[in-house]
Amino acid sequence: MLSVSEALDRAQLLCDAATKAGADAADALFYCNASTSVSMRLGALEDVERSEGQDISLRVFVGQRSASVSTADMDAGELAKLVDRCVAMAREAPEDPYAGLAPEDRLFKGPTPDLELDDGSEADPQALRETALAVEEAARAVAGVTNSEGGSASHSRMRFALVTSHGFAGGYGASGHSLSASVIAGEGAGMQRDYDWHSTHHLSDLESAIDVGTRAGKRTVARLNPGKAPVGKLPILFDPRVGGSLLGHLMSAIAGPAIARGTSFLLGKEDQQLFDSAIVVRDEPHRLRGLRSRPFDGEGLPTAAHDIVSDGRISGWLLDTASAKQLGLSPTGHASRGGGASGVSASNLHLVPGQQSPADLMAGVKAGVYVTELIGQGVNPVTGDYSRGASGFVIRDGQIAEPIAEFTVAGNLIDMFAAMRPANDLEFRQAVNVPTIRIDGMTVASS
C-alpha cells in the first residue's frame, strides 16, 4: 500500500504533465485500495478474496472546454499518452460556460486534520476467518434458523489524493473493518431470510461477532409466517435500518445538479417550511471515525459541519463548482469525485432525535405498520411521488404484532417530510443515521 505522500506525488506528476502539454488548468485524482475478505457457510470456508487496485483520473480544461480520462495503468509511457489524449480531447470538446476548477481563493489550506480514519492495521486472514465463522455460528444458534447464506469478515485500506493546477494538494488514508451474517428460517415456501452487518474504520469500534450474528438470526426468525398488511391511510413507523433512505431522497432533491437541471421536486420550495420546526438534519464531515468523514471535498474546498435542515427548513442546495455557477451561487464544499466530472454528496448525515421513545411514538396507533425492509426504487425525483414495496410488522393497539410481507407504502415526499416525527433512539452505526421515524397518513396496499 502506497503512503499518502506517494499518492500525492503521483497525482502531482500527472497534473503538472497536463499543464506542460497545453492545458490551461487541470486536476488529478489518485485512488488505491487493498482488501481481504473471508466468507464461511455452514461452518466451512466458502471463499477468500484478496483485491488490490489503483486508479488515476485526469481532468483538463482548455479555455471553457474540458475532458476527463482515467486509467489503472501506471506505466510512465502510458500516462504520458493519457495526458496527450486528454488535452487533445478537451480541444475538440464543446464549450461549457460552467466548466472550471473550484475558486482558488476558497481552496482548503493548512494541514489535513486527523479524522482518525486509519487504524494502521494490516489484514489477518486467520483472524478474519475466525470472525466470519463466529458471526455465522451466532446467527445459526438462534432457535428457528434452518439454513445459512454465510458469514463474512473483511479488512481494507485505501489512499486518496487530489492535486489541482491552481495550488491545491491534499490526501488521506482510511482503513475498514466489517462483518455480516445472512441466514434463513423456516422450510419450503415458508422460508424467510434476513441479515445484519456492521462496518467501522477502527477494529476496536467493530461490534462483536456474537452481537451481529445473534441479531441477524433473531430478525430472520421474527419474519416467519407473515400475514397480510392492513390497508388504507395509516401511520407508518420506519425502522432505523431503513429510515435513512428518506434522508437519501432529501439529499438527491437538494443536489445542485438536479436543481440546475430543474429536475427536483423541491425546486421553488427552498423558502418553505417543509418539516416540523423541531426537525434538524445535520451533516458532519469531520466526525471522528465517521464512515464518510473527509477534510476537503472532491474539488479541494474545505468541508464543515452544518445543518442541512434547521427549524424545519432546508438551508440551501448542495453545490459543486459547476452547479454553483449555473445557479449564480457559491460552491458549498459538497463536490464528490469518482473520476471525471464531479457530482455532489453529503458526508455523515443524521436526523437529530426527538423526545419520545419508539414505544411512546407508537402508543396511540390503533392500526399501523412498522417497516423493516424496503424493496424497489419507486421514487419519482421530479414529483416526489413515493411508492415502495415493503415488509415488516403490524402495529396493533400501540404494540408491534405479527409479521407482514408483500405490501406497498405510498405517499408524496413533500407530505411525508411534513409529517415526519423522530423517536429518541438514534445510534451512530452507518454513514446515514436516523432514529425510528413515524409518518402518518401514508397509503398501505397489500398484494
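How much of the chain over residues 34-90 is helix, and how much is strand?

## The annotated domain

Over that stretch, the chain is 26% helix and 60% strand. This comes from a predicted model, so keep that in mind as you look around.

Where does the range come from? UniProt lists residues 34-90 as "domain: Metalloprotease TldD/E N-terminal", and the entry is an unreviewed one.

## A cavity inside

Searching the whole structure turns up one cavity of 30 Å³ or more. The largest cavity holds about 50 Å³ of space.

Which residues line the largest cavity? They are Gln192, Arg223, Pro226, Ser391, Gly392, Phe393, Pro403, Ile404 and Ala405. Two elements each give two or more residues to this lining: strand E15 (385-396) and strand E16 (399-412). Sorted by class, the lining has five nonpolar residues, three polar ones and one charged one.

## A look at Gly312

Next stop is Gly312, which you'll find in the loop between strand E9 (306-310) and strand E10 (313-314). Is Gly312 buried or exposed? Gly312 counts as buried, because its relative accessibility is 0% and the cut-off for buried is under 20%.

So what does Gly312 touch? Leaving out residues up to four places away in sequence, Gly312 touches Gln273, Leu274, Phe275, Asp276, Ser277 and Ile279. Ile184 is another story: Gly312 and Ile184 are 128 residues apart along the chain, and their C-alpha atoms are separated by 42 Å.

Notes. Residues numbered from 1 in each chain as written. Predicted model: local features only at pLDDT ≥ 70, side-chain atom pairs only at ≥ 80, totals over all residues. Heavy atoms only, no water. UniProt positions renumbered as here; feature names shortened; annotations may be inferred. Helix = DSSP H or I, 4+ residues; strand = E, 2+ residues; numbered from the N terminus. 1 Å grid on protein atoms, 1.4 Å probe; cavity = no way out; pocket = protein on both sides within 12 Å on 5 of 7 lines; lining within 4 Å. Points joined across faces, edges and corners; volume = space filled by probe spheres on them. Nonpolar A, V, L, I, M, F, W, Y, C, P; charged D, E, K, R; others polar. Buried < 20%, exposed > 50% of the residue type's maximum accessible area, 1.4 Å probe, protein only. Contact = heavy atoms within 4.5 Å.
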